[in-house]
Amino acid sequence: MWDKLALILLIIGGVNWGLVGVVEFDLVAGIFGGSASFISRAVYILVAIAALWCMTFLFRREALTEPATVSQRR
């Protein structure tokens, strides 16, 4: 559950940075009233925490292998 939430937040951050780079528009700031607003800053912090969480995927053994199929679990 936490992994999926972290990936969703990371995707939101990636799309936001893509928009900043391509069309110079910060979607999070646009939705929540500026980049200095409390909610925007909270979203930026959550995206940063999600990125740190997702870095652990590189060091997890199960993340480096394919998931087992039903026949392999028996």
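## The contact between Ser40 and Ser37

The side chains of Ser40 and Ser37 make a polar contact at 3.0 Å. A polar contact is a pair of N or O atoms within 3.5 Å; within protein, one atom must be able to donate a hydrogen and the other to accept it, and residues adjacent in sequence count only if both atoms are side-chain atoms. The model is predicted: local features need pLDDT of at least 70 and side-chain atom pairs count only at pLDDT 80 or more, while totals for chains, interfaces and linings use all residues. Residues are numbered from 1 along each chain as its sequence is written, and side-chain values use heavy atoms, with hydrogens and water left out.

Both serines also approach the backbone oxygen of Gly34. A polar atom of the Ser37 side chain lies 3.2 Å from that oxygen, and a polar atom of the Ser40 side chain lies 2.8 Å from the backbone oxygen of Gly34. Ser37 is located in the loop between H2 and H3, whereas Ser40 belongs to helix H3. Helices (H or I, at least four residues) and strands (E, at least two) are DSSP runs, numbered from the N terminus.

Ser37 counts as buried because its relative accessibility is 17%; Ser40 is buried too, with a relative accessible area of 0%. Here, buried means under 20% relative accessible area, exposed means over 50%, and partly exposed lies in between (1.4 Å probe, protein chains only). When residues up to four places away in sequence are not counted, Ser40 touches Val28, Ala29, Phe32, Gly34 and Ser35. Such a contact means heavy atoms within 4.5 Å.

## Helix H3

H3 has 18 residues, which should span 26 Å at 1.5 Å a residue; its end C-alpha atoms are 26 Å apart, in agreement with this value. The expected span of a helix is 1.5 Å times one less than its number of residues.

The buried residues of H3 are Ser40, Val43, Val47, Ala50 and Cys54. Seen down the axis of H3, these residues fall within an arc of 80°, so they line one face of the helix. The arc is that of the directions from the helix axis to the C-beta atoms. The face turned away from this buried side carries the exposed residues Phe38, Arg41 and Leu52. The buried residues of H3 pack against H1 and H2.

## Helix H1

Helix H1 covers residues 2-23, which makes 22 residues, and reaches 31 Å from its first C-alpha to its last, close to the expected 32 Å. Ala6, Leu9, Gly13 and Asn16 are buried in H1. Viewed down the axis of H1, the buried residues fall within an arc of 90°, so they line one face of the helix. Their packing partners are helix H2 (27-32) and helix H3 (38-55).

On the other side of H1, the exposed residues are Lys4, Ile11, Gly21, Val22 and Val23. Ile12, also in helix H1, is partly exposed, with a relative accessible area of 39%. The C-alpha atoms of Ile12 and Val28 are separated by 9.0 Å, and these residues are 16 residues apart along the chain.

## The nonpolar core

The largest nonpolar core has five residues: Ala6, Leu9, Ala50, Cys54 and Phe57. The elements that give two or more residues to this core are H1 and H3. A nonpolar core is a set of buried Ala, Val, Leu, Ile, Met, Phe, Trp, Tyr and Cys residues joined through side-chain atoms within 4.5 Å. Ala50 touches Ala6, Leu9 and Leu10, not counting residues up to four places away in sequence.

## The salt bridge

The structure holds one salt bridge, formed by Asp3 and Arg60, with the closest N and O atoms 2.7 Å apart. This pair links distant parts of the chain: Asp3 is in helix H1 and Arg60 is in the loop between H3 and helix H4 (61-64), 57 residues apart. A salt bridge is a side-chain nitrogen of Lys or Arg within 4 Å of a carboxyl oxygen of Asp or Glu. Side chains of opposite charge can pair when their charged atoms come close. Asp3 counts as partly exposed because its relative accessibility is 26%.

## The residue after H1

H1 is followed by Glu24, which is placed in the loop between H1 and H2. Phi of Glu24 is near 55°, a positive value in a residue other than glycine. At 73% relative accessibility, Glu24 counts as exposed.
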